[in-house]
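Try each task before you read its solution.

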Amino acid sequence: MTRPMSMLEELGLLIPEQRLTRQFPSGMPDGAPPPLPAFVRDPTELIDRSGIALRSGYLQNGFVAAREADPDLTLLEYLAGGGFDSIFRGVVDDLLGHASATMLRTIDAARYVRALQDVYREFRAVPTPFDGGVAYASYRYQTGLHVELPENLNVLPMNAPIVVGSDLRYPAYGGVVTARGHRAIGTVMAGRAWGRDISLTARGKELFNELGLESRDVLHGWDYDPDLLMSEVQIAHMISTGEGPAYRFQILSGPPRPRARSQARWELAARLGDDAILDADEAGLQRLWKSHGSDAARRTGDPTNLSTRYGRDPYYRFSRDELFEMALGLPHAIDVRDVVYEWEHARPQRFIREMQRWVRRLGDQLPEAEDFWSSRLSMLTGASEPGNLQLLSPYEHARTDLVAGRMFGGATRVDRYANRAVATIAGADEYDLAARAADYASKSGKPLSAFSLTDLARAEEPIVAFDQHTLAELTAALQEHEWQAAVRATTGAQADWNDLVRRLNAQLVAYGMPKALLLPTI
């Protein structure tokens, strides 16, 4: 993905690497006017409360001055300079975060892993930034000089490259990316729960023994959701397997599904202090059951008290015999169905799926570069960036994203401001303005205002989620000769391309960005 970069583009590289304040969705006050036609992001999300812009300006001014003495100096070379204890180096560390600043200065994976250890040690006492502070540097994809990180790293950045053949590529959003996020969250929670450094590579038996895991009646919370409470056994299981935390669960008849069998093993091992249970085969489990003896007594408690482990962790309730039956996958054993927390990613994901359809459509014109463009566009739109993803309960996900709201429970829901009705996917075509207004009533009994058709179209538009930097990178790429030539040479693409151009250009105009970035129609 290497391409020449102008000085302006190099300055822009500061933006996605810096540590940002967390962005919370804000409600729309009563009587507020409807969103602008371009549906610009909530202005409160663009306010710099941490002074980053001031420090960034200091570095940018310094870079301009340094370029006068050395015109060939790149921004990355400039930021990587400074003595070990210099003020300049401290400002760069403060701006980018220690891990990202270390990645800037070296491609030595061991040094970067040590920096991650330092950062995750800090997370025991400070909020966790899921953004540039622990993200893989996007400029590495631009320059092609990668830090080759070990795949067994439990804090592997969600956007770190994956190996495709002999190449390193940007990861497509999916199970690999979400498992990285789950493990990183589990590592933070474990460091706080045990009050000490936790190995960044330990899983399975190694993790079990490092933690000295026991089945204790305690719960631990997560920074951004006071309702996300997990037991120590659940935390260890999440780190080891990469599976998401449970939002709610159902206890069903068997046979148990794979996740239930796995979690039953972890609860048994913690309760009995025997790590052999974690990886024993069926015959081994039978021998261990006989060795530890039968026990059919269940724990007691209030299942409605969600501040207790009994209310949050179903495996804590079951008897030893029930857990062994589950671990063995016996047909009559209990099963547990978990509804897990979800990563809110919808808008970037919907857009990258659209762009990947374009890549496939232009494939005949891009025979040597189809995979390159698919990976590159995923990277430019931030499809797997930690800063674009947040872990939410299914309910909060439904309130945050309109499409997720449509799919939540298969019923009509209110929009993110909780004041207008939106349709389910199945009923969208039949759901006219009158039906929307009639679906919900305010406390006064008056019908709620309808979610107008124009509002609905904008609320579904993924482009409105992109900031100025993302739009600039994306439109610059789509103006390159290779892409433009492929579009023009593809039969029947003109109308669809012009529609995409209209949508992108509308957002560029809404942000007041340079006219040179506007895409040409055909």
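**Exercise 1.** Find the charged residue that lies over the face of Tyr310.

Solution. This is a predicted model. Go to the ring of Tyr310 and look over its face: Arg317 lies there, at 4.8 Å from the ring centre. Now go to Trp373. Arg376 lies over the face of this ring, at 5.1 Å from the ring centre.

**Exercise 2.** How many aromatic pairs does the structure hold? Classify the pair of Tyr120 and Phe123.

Solution. The structure holds 11 aromatic pairs. Take Tyr120 and Phe123: their centres are 5.0 Å apart, with 70 degrees between the planes. Planes over 60 degrees apart count as edge-to-face. The pair is therefore edge-to-face. Next, check burial. Buried means under 20% relative accessible area. Tyr120 has 9%, so Tyr120 is buried. Phe123 has 1%, so Phe123 is buried too.

**Exercise 3.** Why is the pair of Trp358 and Trp497 edge-to-face? Where in the chain do the two residues sit?

Solution. Start with the geometry. The ring centres of Trp358 and Trp497 are 5.8 Å apart, and the planes stand at 85 degrees, so the pair is edge-to-face. Then locate the partners. Trp358 belongs to helix α17 (residues 346-361). Trp497 belongs to helix α25 (residues 494-511). They are 139 residues apart, and the pair links distant parts of the chain. Finish with burial: both Trp358 and Trp497 are buried.

Methods. Residues are numbered from 1 along each chain as its sequence is written. This is a predicted model: local features need pLDDT of at least 70, side-chain atom pairs count only at pLDDT 80 or more; totals for chains, interfaces and linings use all residues. Side-chain values use heavy atoms; hydrogens and water are left out. Rings of Phe, Tyr and Trp (its six-membered ring) pair if their centres lie within 6.5 Å; planes under 30 degrees apart count as stacked, over 60 as edge-to-face and the rest as tilted. Buried means under 20% relative accessible area, exposed over 50%, partly exposed in between (1.4 Å probe, protein chains only). Helices (H or I, at least four residues) and strands (E, at least two) are DSSP runs, numbered from the N terminus. A charge sits over a ring if NZ of Lys or CZ of Arg is within 6 Å of the ring centre and within 35 degrees of the ring normal.
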